[in-house]
Structure formats: C-alpha cells, structure tokens
Amino acid sequence: MLETIVRHRRHLHAIPELGYNLPETSAYVRAHLEPLATRLESVAESGFLAFFDAGRAESVAFRCDMDALPIEEPQTCPYASKHPGRMHACGHDAHMAILLTLAQWLSSAGKPLPRNVLLIFQPAEESGAGARRVVENGALERYNVSRIFALHVQPGLCAGTMASRSGAMMATSSEVRIRLRGKAAHAARWREGRDAMLAGAEAVRAVYAFERSLPAEMRRLIRLCAFHAGASTNIVPDFAELSGTARAFSREDHARIKEGIAAAVRSACAPLGVETKVAFSEGYPPTVNDPALYARFCALLADMPLKTLDEPDLTTEDFSFYQERVPGVLFYLGTGGDAPLHSPAFQLDEGALLIGLQAFQRLALAN
C-alpha cells in the first residue's frame, strides 16, 4: 500500500492549487474515487464526501485537506511543482494520498465495518475555512457522524511517530489591527499636534503590560509584529498602524484577550488625544481533542509509535470546526527532516505515511 500512497502523493505534489480553486486536484481525486464502492458527493465547491455505507446507524469520518501554499518550490525532485509560485509545503498532498489509499482499502477490504465511514476531502484549509463550509453544508448530520479523525504531517518529529494530546491541541488565532489617528504638526511645534507615533509606542507598552497581567496558567500568545507611522523627518505623524496576533486555547480566553488589548490601547492613547480603532480578524476556533475519544484513540493504537505532547501548539487548524459539532481527534504524523512546514525546503519521509494509513484503518475497524 505504500507504493499506492507514494504514487498518489507525487502526482498531487506536482499540481498544487490554492484555496477553493482546485480544478486539477479535484479532477484527480474524483477520478480515483468514482470507480470505488462509495457514494460520492461534491462539497464546498471543490471538495468531496466519499461515503462507505455499512448499513450502520452511525459513521466515523476522516478528513484530509487539499489546498497548497503560494510558495515557489525549488526544482529539486522529478515530481516538483508544475505550477510556478505554488507548493504543497504543508503536506496536504500526503494527507490526500493517505485518504485515497484508505478509500481503495475500504472499497475492497471485504471486512464488516462497525460504523459507516465518511471520507472528507476538504479544500481551503490554509486560509478559506473550508471546514466551516463542509460543516455548514450539514455533512456531519446528514451522514450521522459520531466521531471524526484527522492527521497532519509534522517535520521535526521522528518519521513514523504519531503525537497528540487530550484537550487543547492547537490554538484559536486572530490578526490584530490597531489604527491610531492624531493630528500632524511640524516637529518644531510638536505641541500643536497629537503624536500618533508616540501613542503607538505607548500602546505597545500597554498591550504587553496587559499580557503580563494575565494568569500564568492561561496559555496564550500576544505579539505585535508591525508598526508603521510617519513619512518625514520633521513632521509629527497624524496616523499610525500596528498589527500582530492574539492566540489562545479556548474561545473564552480568546475573548478576554481581545477585550484586554482593546482596553489597553484606549487607555494608553486617550491621554495623548489620539483616537483608536482596534479590530480583530475572525480566526479558526481552538482545536480541542475530545478527552474520551482521545483515550479510546490511545488504547486502539497502543502498540503503535504514539507519544503524548506536553504542550498544545500555538498554530491553528480549521479541523476545529468539525470538533465543535462532534467529538474529534487530530494527531501529528512525524515525517522527519529539519525544514518546517510552510518552507520551500520542506520535505517528508514518504515511508512514514504508511503509519498514518494503518492508524486510520485501525480506527475505521474499531467499535
């Protein structure tokens, strides 16, 4: 089966596409699902639901993501990207390859399944919240999904080793946009103005003071990463813009953080007469592995290479939209290597992908 996974992965690796615009990727996936003993349904513009009906009341779902990243790939292998400026630098090609091979196995295995199986081929994980589109489509309810699983390849983790944790697994995140409006004045008459740059500096200090005031046990991230103000050496700027990121592991903590940032900025800028506008993007929910399902997951894979993560990850995943509806577990699959995800140097050990397939097979056969 490894040969099948590798064949799928290399073909998909060469045709990376972005967001919901996946014509070649969708055509390849459809061509390999249509001959199988599955009910195939289009979803979220360019994705698919493949339903294997075992005549059971409930279904177990497995999700893979289909989109790539706007990254130029070095032409270092014969199956490198044919699409300039696009690359499967996050391993979604591997995720699809595993699920396509699982589909072939389900279609021909001949073993009785304790649950129906729904395979979700989902577009737009990277930025388009494709999972939300699938959920809003009603797919989980329509196919009576009672549990859902997904994996994500992970460099830096030994090839073939799986890793996950109960509860908080990955963060919820928002971009932070702070806009400050003051009044311009010549530097020689700076008192006649309202210095937006100075207000921005005070805002930075206030935001980090707020972050330090939060409880030590609250896992979070607040960082301001860009600051733009002024265009002249002798004019007090009337406008400044700051941006960054705010992350937490529950919706409640995230809401508290956003409220605190906005209040800190207002309190810092008001004495300087500078108007403030603080906005937050709508990020993905936190990825939270259901504790009871995670315990079952660990028991089922006890004889496989599986480790428990000490800390959750501050990155995000739209798999969380599924977990808000049904119990779910996301786990990492180690693929070795030092280059991180989203890097043009990202590579993976294809032999490790067989472990991911075997884990999915075992989960599909479990009561």
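**Burial and overall build**

I began with burial: 54% of the 367 residues in the protein are buried (under 20% relative accessible area with a 1.4 Å probe, protein chains only; exposed is over 50%, and partly exposed lies in between). I kept in mind that this is a predicted model, where local features need pLDDT of at least 70 and side-chain atom pairs count only at pLDDT 80 or more, while totals for chains, interfaces and linings use all residues. Residues are numbered from 1 along each chain as its sequence is written, and side-chain values use heavy atoms, with hydrogens and water left out.

Next I looked up the secondary structure, which comes to 10 helices and 16 strands (DSSP runs numbered from the N terminus: H or I of at least four residues for helices, E of at least two for strands). The C-alpha trace spans about 85 × 45 × 35 Å along its principal axes.

**Helix α8**

I then turned to α8 (residues 291-300), where L293, Y294, F297 and L300 are buried. Seen down the axis, these buried residues fall within an arc of 125°, so they line one face of the helix (the arc is that of the directions from the helix axis to the C-beta atoms). I recalled that an α-helix has 3.6 residues a turn, so residues three or four places apart point the same way.

What does the buried side of α8 pack against? I found β5 (145-154), β6 (162-164), β15 (306-308), β16 (328-334) and α10 (353-365) there. On the face turned away, I noted the exposed residues P291, A292 and A299.

Conventions: Contact = heavy atoms within 4.5 Å.
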